[in-house]
Amino acid sequence: MSVAGESGGRAQQMRAKAEELKEAAERATDPEQRQRLQDKARRLREQSEQESGMQDRGMDPMV
């Protein structure tokens, strides 16, 4: 598998995890826990978007 393919797979995994966290936040009854989960989901989505952007430009994030 190419580096770009690995990055794309990682970004996809991060988006899936972000979605899981978002769903967990929706089920959380504690407001603080809900906020923590939402924040973590948001950070993961942002990071996956950055990795996807690097992949689209052909940049290796490991360099």
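Among contacts in the protein between residues at least 6 apart in sequence, what percentage join residues at least 24 apart? In this predicted model, the share is 57%. The protein has 63 residues, of which 24% count as buried, and its secondary structure consists of 2 helices and 0 strands. The accessible surface comes to about 4800 Å², with 47% of that area belonging to carbon and sulfur atoms.

**The nonpolar core**

The largest nonpolar core is made up of 8 residues, namely Met-14, Ala-18, Leu-21, Ala-25, Ala-28, Leu-37, Ala-41 and Leu-44. Two elements, helix 1 (3–27) and helix 2 (31–56), each give two or more residues to this core, and helix 1 gives the most, with 4 residues. In soluble globular proteins, nonpolar side chains tend to be buried together. Ala-18, one of the core residues, is in contact with Ala-41, Leu-44 and Arg-45 once its neighbours within four places in sequence are left aside.

Ser-48, by contrast, has its place in helix 2 and is buried, with a relative accessible area of 1%. The side chain of Ser-48 reaches the backbone oxygen of Arg-45 at 2.9 Å, and, not counting residues up to four places away in sequence, Ser-48 touches Ala-11, Met-14 and Arg-15.

**Salt bridges**

Side chains of opposite charge can pair when their charged atoms come close. A search of the whole structure finds 5 salt bridges, and the table gives details for some of them.

| Pair | N to O distance | Relative accessibility |
|---|---|---|
| Arg-10 and Glu-51 | 2.9 Å | Arg-10 44%, Glu-51 10% |
| Lys-17 and Glu-20 | 4.0 Å | Lys-17 39%, Glu-20 48% |
| Glu-19 and Lys-22 | 3.9 Å | Glu-19 36%, Lys-22 36% |

In the salt bridge between Glu-51 and Arg-10, Glu-51 lies in helix 2 and Arg-10 in helix 1, so the pair ties together parts that are 41 residues apart in sequence. Glu-51 counts as buried because its 10% relative accessibility falls under the 20% cut-off, whereas Arg-10 counts as partly exposed. Lys-17 and Glu-20 both lie in helix 1, 3 residues apart, or about one turn of the helix. Glu-19 and Lys-22, also 3 residues apart in helix 1, are likewise separated by about one helical turn. Elsewhere, salt bridges that share partners join Asp-39, Arg-42 and Glu-46 into one network.

Terms used:
Residues are numbered from 1 along each chain as its sequence is written. This is a predicted model: local features need pLDDT of at least 70, side-chain atom pairs count only at pLDDT 80 or more; totals for chains, interfaces and linings use all residues. Side-chain values use heavy atoms; hydrogens and water are left out. Buried means under 20% relative accessible area, exposed over 50%, partly exposed in between (1.4 Å probe, protein chains only). Contact means heavy atoms within 4.5 Å. Accessible areas come from the Shrake-Rupley method with a 1.4 Å probe; for residues, only the protein chains shown count as cover. A nonpolar core is a set of buried Ala, Val, Leu, Ile, Met, Phe, Trp, Tyr and Cys residues joined through side-chain atoms within 4.5 Å. A polar contact is a pair of N or O atoms within 3.5 Å; within protein, one must be able to donate a hydrogen and the other to accept it, and residues adjacent in sequence count only if both atoms are side-chain atoms. A salt bridge is a side-chain nitrogen of Lys or Arg within 4 Å of a carboxyl oxygen of Asp or Glu.
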